[in-house]
Amino acid sequence: MGRSADRLSLVLLFTPFALWIGLLIVLPQLGIGYVSLREKVGVNEFTFGFGNYAAFFEEPIYRNTLLRTAWISILVTALALIMGFPVAYYIAKIAKERSRAGLFLMCLIPLWVSDLVRAYGWILLLRETGVISTTLVSLGIISGPVEMLYNDVTVIIGLVYTVILFMIVPLVSTLQGMDDALLEAGYNLGGSRLTVFRRIIVPYAMPGIVAGCIITFMLTAGSYLTPILLGGKNSSWFTEQIYTQFITRYNWEMGSTFGVLLLIFTSLVVWLGLRLTGQSLATTVAKE
Amino acid sequence: MQGSKSLVWVFRAYVLIFFIYLIAPLVAAGVFAFNDSMFPSLPWQGFTWDWFFSASDPKVGLLHDDRLLRGMGNSLYIGVIVAALSVAAGTCNAFLFERRQFPMKSLLYILMIIPLVIPGVIIGISILLLASMVANFLDREFGIFLLSLRPGIPLIVLGQFSFLTTITSLVIAARLQKFDIALEEAALNLGASRVRVLTTVTLPFLFPALFSAFVVAFLVSFENFNTTLMLVGSDAPLTITMYDRMVKVGSTPVLNAMSVVLMLGSGLLALASVLAQRPKKAEGNAAAAAMD
Amino acid sequence: MNDLSCERVTKKFGHFTAVSEVSLDVPSGAFFSILGPSGCGKTTLMRMIAGFETPSSGDIRIKGESVLGLPPNRRNVKMVFQHLALFPMMNVGENIAYGLRCRGDARSGIAEKVARVLDRVGLPGVEEKRIEQLSGGQKQRIAIARCMVLEPDVLLLDEPLGALDLKLREHMKIELKQLQHQFETTFLYITHDQSEALVMSDQVAVMNAGRFEQIGSPRELYDRPVSGFVAGFVGDANCIPGKIAEIRSGEARVELPQGGEVIGKLCDGSRTGDDVEVFLRPEALRLGAGGAGQSLEGTVDSLLFNGANSRILMRAGTGQLLEVAIPAEAPAIAEGDAATVNWRPDHALVFARRAG
């Protein structure tokens, strides 16, 4: 095994990586960055500048859609954390050894069912002729059928549903690594339940919390199916705007601008989240 | 800890409610596949297999619904190709980052993870845009017309490959990290050639991870919607076909039948990948203890 | 004829010299050990012999032929790894057959050879067992069988007993020695455990900081160490620091820092006024008064009972803590008793003080 053979194999290993990252990730992103700075002034005639970005900020509908997407995504992330943590804690720490694997598997399997099927299930439950409405009417609790689709609460419930497993799985993995003796020591040294939770459990689970939050947030902000199917065609979701500009209106310049803005916004939130919690991408998301 | 008993019961009740929340939509999507009615809603009209097998008109079952079947065929085709490609690339990446030293390694590692945090829609539009720019350029300058750079299955494959490779790389690298390099040295020492070491020692060790990565990549590809939506051409995969049907035609129980098939299929595959990753040694330990 | 010789082998990693000018000759059929603390370069030396590292300079010869140009998979030296490196994805039979298959042996002969070598290591009929079904000692023997089936010129063993518990380790020492007799193959054994090296070896090289300090039979190393490092590392010894006050006919009178003096045999080139250390083996110390410079007085600090290896821990009046072997016919003695020990000057070895 000579030097040159060593070099050759390094080059052979490096080539697919470079092609993949270069051609399929970096170059396309530069591409939308480039097109977002371009403005059409005639057939095959373009000028360059920040005109598209200015147009975005001047148009309240665009601006508000991004803001709405942002706050709902953050809300969904927070809800998923609050709802998911007890479940993860139960699976990792309270459940008996035997039932633990089964419970975890029960969490994992729905994760692999398509978003489409899950959204479809919610539609069948919640629509005016849906299971819940029909049942309530036949039980005499309400007088006539009610439409439970196409409002923000439903969209949020549906989004939390779609992403919560991506919160629970990393949480369970981190919590499982925690030695029970840590908790016992915490109580033994006179900590109340609240202080043990705040000073021992949460700091220990931090990498899992951050990983879960990043994945959850990215999936929510980038989601398309759930908000549109549960929120109706005009649900004002930002990815829908991108689709409209790109495919329906064929305005690639504006669509790219929206894409860049969404990317900047999500990267900013992820970066801030990592910064505030002192974690890095490699210690959280890569572990999964 | 006084009161911890009741706390455990509160926990249990909560977890139970949570699992009902988790299961309810899946049950709703599944159950109506067997309802002998034209619509997937209550009341219950009796059990039927029609939505799977019936060939006659008012209830065209899944097996006779050509568009859904074609969509499923496309999805399988795309899924297998993408999974194979991303496992191959992921294996190279795993060896590159676990075994080799090169300049700017940590920066490139971050670059490798980045695709996980790019929204799927953006991956879709960026690949669509680049492919179109290249296609237009080739058309204009050389008069070459490349159909594969226009929306369609090749672009869907590229788009899904671009983020699935990150996932497969991480899964395979995690396993490779656990590999004891002394095993390779031992094989060399026993006279094996480099290629033989790879095929008889390293790859068999990696096999569970390769299998898992393949299954995960296949499932994610099969169920992908966001990236695919931007790149789809005339050969729509299943998720797009189902979505179209849902939005344009409205829900019919044949979609529920499809959902049942999807749930069973993905559930079984996911289970297989989980089991493949699990070490099987309880039996062996007991035997060793008995022999000592 | 030497099965293995190294000639002025040196290995540098950047500015760090891991192995420096090491030469050794291992005669055919010998059990040769390299003994040294962790980080002394012994593993690097072994990896160079196996071909996993390339020496910066020097030559390695197997059966008289230089192997520097041969890749590891073409050298007829086989290695038992520290954690054995048995292939977990294969059963016992496949593990042992691995090298035979790589060599391209006829399929028909392989099963027979595997069965024969398993018989020789005392585990007949375990071909179908999985690796994780074996106990620690059985794994050990399978690892050796996997190498021996290839009839290597030299078998390298890289601290293979390190992972075993104490009881099994004691047992395996004897078993390894017997296996080596049975196969009549040259063993090169590296270890940081001096008792393993002393019990099993025909020849031991003591290695420190990349160099060989001494090569000799276990008895030579024990009785006639050439340096303070060897005296301290091989076997137990009480080490008393002091300064040479006078040298007369090969004997040095060493003054201790808190008064008192010790007379011992000067073993290196130290001169009057140099800082030295005096090494006294516990079994060289006898209870009872002795002449000037040949005894120390003190009190019994504690008794360390360990069967035939029991010791008295004595605090000398000059501050040193000494371990004294208790002879079989020792008088009853209790903690806090006054005691005096004496020795023959030729059992007290004086070496220049080690660095650090």
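How many bridges join strand E11 (residues 238-248) of chain C to strand E12 (residues 251-255) of chain C, and in which orientation do the two strands run? The legends below take up this pairing in a predicted model, and then turn to other views.

**View 1. Strands E11 and E12 of chain C pair in antiparallel fashion.** Five bridges join E11(C), which spans residues 238-248, to E12(C), which spans residues 251-255. Across this pairing, Glu246(C) stands opposite Arg253(C) of E12(C). The two strands form a hairpin with two residues between them, and in its turn Ser249(C) has a positive phi of about 40°.

**View 2. Strand E12 of chain C also pairs with strand E13 of chain C.** E13(C), comprising residues 261-266, runs antiparallel to E12(C), to which it is joined by five bridges, and Gly264(C) in E13(C) is the bridge partner of Ala252(C). Here the hairpin has five residues between its strands, with Gly259(C) in the turn adopting a positive phi of about 85°.

View 3. Of the contacts in chain C between residues at least 6 apart in sequence, 65% join residues at least 24 apart.

**View 4. Chain A is in contact with chain B.** The contacts involve 65 residues of chain A and 68 residues of chain B. Helix H1 (residues 3-36) of chain A supplies the largest share of the chain A side, 15 residues, and that side as a whole has 49 nonpolar, 13 polar and three charged residues.

How values were computed: Residues numbered from 1 in each chain as written. Chains lettered and ligands numbered in written order. Predicted model: local features only at pLDDT ≥ 70, side-chain atom pairs only at ≥ 80, totals over all residues. Contact = placed C-beta atoms within 7 Å. Helix = DSSP H or I, 4+ residues; strand = E, 2+ residues; numbered from the N terminus. Nonpolar A, V, L, I, M, F, W, Y, C, P; charged D, E, K, R; others polar. Pairing = 2+ DSSP bridges.
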